[in-house]
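Please look over the sequence and the structure shown here before reading on. The report that follows takes the parts of the fold in turn.

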Amino acid sequence: TMPDKIQELSLRYMKEPDHLMLQQDEITVKKIRQQVLGVDRKQKLDLLLNILKDPKAKKTMIFVNTKDWAKRLGDMLYKRRFKATSIHSGRSQSRRNQVIQDFNSGRYDILVATDVAARGLHIEGVTHVVNYDIPRNPKDYVHRIGRTGRAGKEGDAITLLTQLDE
């Protein structure tokens, strides 16, 4: 699922990365533009804010690895006047359903999520997926970026990579 240039870049920053080969019918990323952006850990949030300010990023999902960070980042973005919320396993099922409904309706245009939202949810019109944290396993990457580029539309998937990511 990754173009040659992105594979080369990831090899530069990652130690002994695992490769996951999927059956062709499992790969659904043809209309998704994938980017990996190398960034210093201290500049990561600033880079995310710049991505979110891009007018093309109309409806964005940001994936992180922990529920605490999902909540904190969602709150941080909301306090900075972004229409942002979060979804994670620490919320009740009814609250998660409400968050998805609010994101679909446009009440929020940014959803910070753990992998609880990477699959099995009906989410429409996502233009951008940002992997703020590297997914814990390669299949999660495919599910995360698969939230965009759906129903024949194009989408963007951006992965933020720091020196600490392996």
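Which residues in α3 do L45, L48, L49 and L52 in α2 meet? They meet L73, M76 and L77, where contact means heavy atoms within 4.5 Å.

## Basis of the report

This is a predicted model, in which local features need pLDDT of at least 70 and side-chain atom pairs count only at pLDDT 80 or more, while totals for chains, interfaces and linings use all residues. Residues are numbered from 1 along each chain as its sequence is written, and side-chain values use heavy atoms, with hydrogens and water left out.

Helices (H or I, at least four residues) and strands (E, at least two) are DSSP runs, numbered from the N terminus.

## Helix α2 and its buried face

Helix α2 spans residues 44-53, and its buried residues are K44, L45, L48, L49, I51 and L52; buried means under 20% relative accessible area, exposed over 50%, and partly exposed in between, with a 1.4 Å probe and protein chains only. Seen down the axis of α2, these buried residues fall within an arc of 160°, so they line one face of the helix, the arc being that of the directions from the helix axis to the C-beta atoms. On the face turned away from that buried side, α2 carries the exposed residues N50 and K53.

The buried residues of α2 pack against several elements, including α3 (67-79), β1 (32-38) and β6 (155-161). The helices α2 and α3 pack at an angle of about 55°, with their axes 13 Å apart; axes are lines fitted to C-alpha atoms, for helices over the stretch in contact, and angles run from 0 to 180 degrees between N-to-C directions. The two helices α2 and α3 are therefore oblique to each other, since angles under 35 degrees count as roughly parallel, over 145 as roughly antiparallel, 65 to 115 as roughly perpendicular and the rest as oblique.

## The sheet

An open sheet is formed by 6 strands in the order β1-β6-β5-β2-β4-β3, with parallel pairing; two strands pair if DSSP finds at least two bridges between them. At the edges stand β1 and β3 (84-87), each with a single partner strand, so one side of each is left without a neighbour in the sheet. Within the sheet, β2 and β4 run parallel and are joined by 4 bridges, and F63 has A113 in β4 as its bridge partner.

## A loop residue

In the loop between α3 and β3 lies R81, which has a positive phi of about 70° although it is not a glycine. R81 is exposed, with a relative accessible area of 80%.
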